[in-house]
Amino acid sequence: MRKTLLESLTHGSLTEPAPAPDGSALAELAAKVDRAAQARLGRSLAIREVDAGSCNGCELEIHALSNAFYDIERFGLRFVASPRHADVLLVTGPVTKNMRQALERTYTATPDPKWVVAVGGCAIDGGIFRGSYACVGGVSEIVPVDLHIKGCPPSPTDLLKGLLALLEHVSGKR
């Protein structure tokens, strides 16, 4: 055991180095989302994340939006604890039978105007869980969905692009 530990300390990591971050592109994207939210709502965008029965892969990417690299709060996007304070519901995972009623109540508790975003392949159509005895199906089978963000899981940048597309689409309808 000692030999293995010493070898790992002297040889270094076997993983590839992380790609260089493109901070300016991220800042520009997040600033566009903030401008669109200000134009549409006159304030920042409040997001409520709902896990309807996922594997937590999408949640990890959503939580990454709040880390020091993405830090979406600096651009006026914030996650809220109550659906009563939310503008957007980010729903992940296939809707399980146990979460159906909770999702319906969360949707009802969210004030208008509200938008629902299905995040990940499982939220879109049930993904690999489709047809399971425990799953009802995708989010759109329970509540109306305004935007689907594909991926398993989608990256934080894809999530920001999706929120921007949602806000621009909604602003275009006005």
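**Close-up views of a predicted model**

View 1. Lys 114 does lie over the face of Tyr 107, at 4.0 Å from the ring centre; a charge sits over a ring if NZ of Lys or CZ of Arg is within 6 Å of the ring centre and within 35 degrees of the ring normal.

**View 2. The chain and its elements.** The protein chain has 6 helices and 7 strands, taken as DSSP runs (helices H or I, at least four residues; strands E, at least two) and numbered from the N terminus. From that terminus on, the order is α-α-β-α-β-β-β-α-β-α-β-β-α. Of its 174 residues, 41% count as buried, that is, under 20% relative accessible area with a 1.4 Å probe and protein chains only.

**View 3. The largest nonpolar core.** Among the 25 residues of this core, Leu 45, Val 88, Val 117, Val 119 and Leu 160 touch the most other members; such a core is a set of buried Ala, Val, Leu, Ile, Met, Phe, Trp, Tyr and Cys residues joined through side-chain atoms within 4.5 Å. Elements giving two or more residues to the core include β1 (45-51), β3 (88-92) and β5 (115-119), while α6 gives the most, with 6 residues.

**Notes.** Residues are numbered from 1 along each chain as its sequence is written, and side-chain values use heavy atoms, leaving out hydrogens and water. In this predicted model, local features need pLDDT of at least 70 and side-chain atom pairs count only at pLDDT 80 or more, whereas totals for chains, interfaces and linings use all residues.

Key. Buried means under 20% relative accessible area, exposed over 50%, partly exposed in between (1.4 Å probe, protein chains only).
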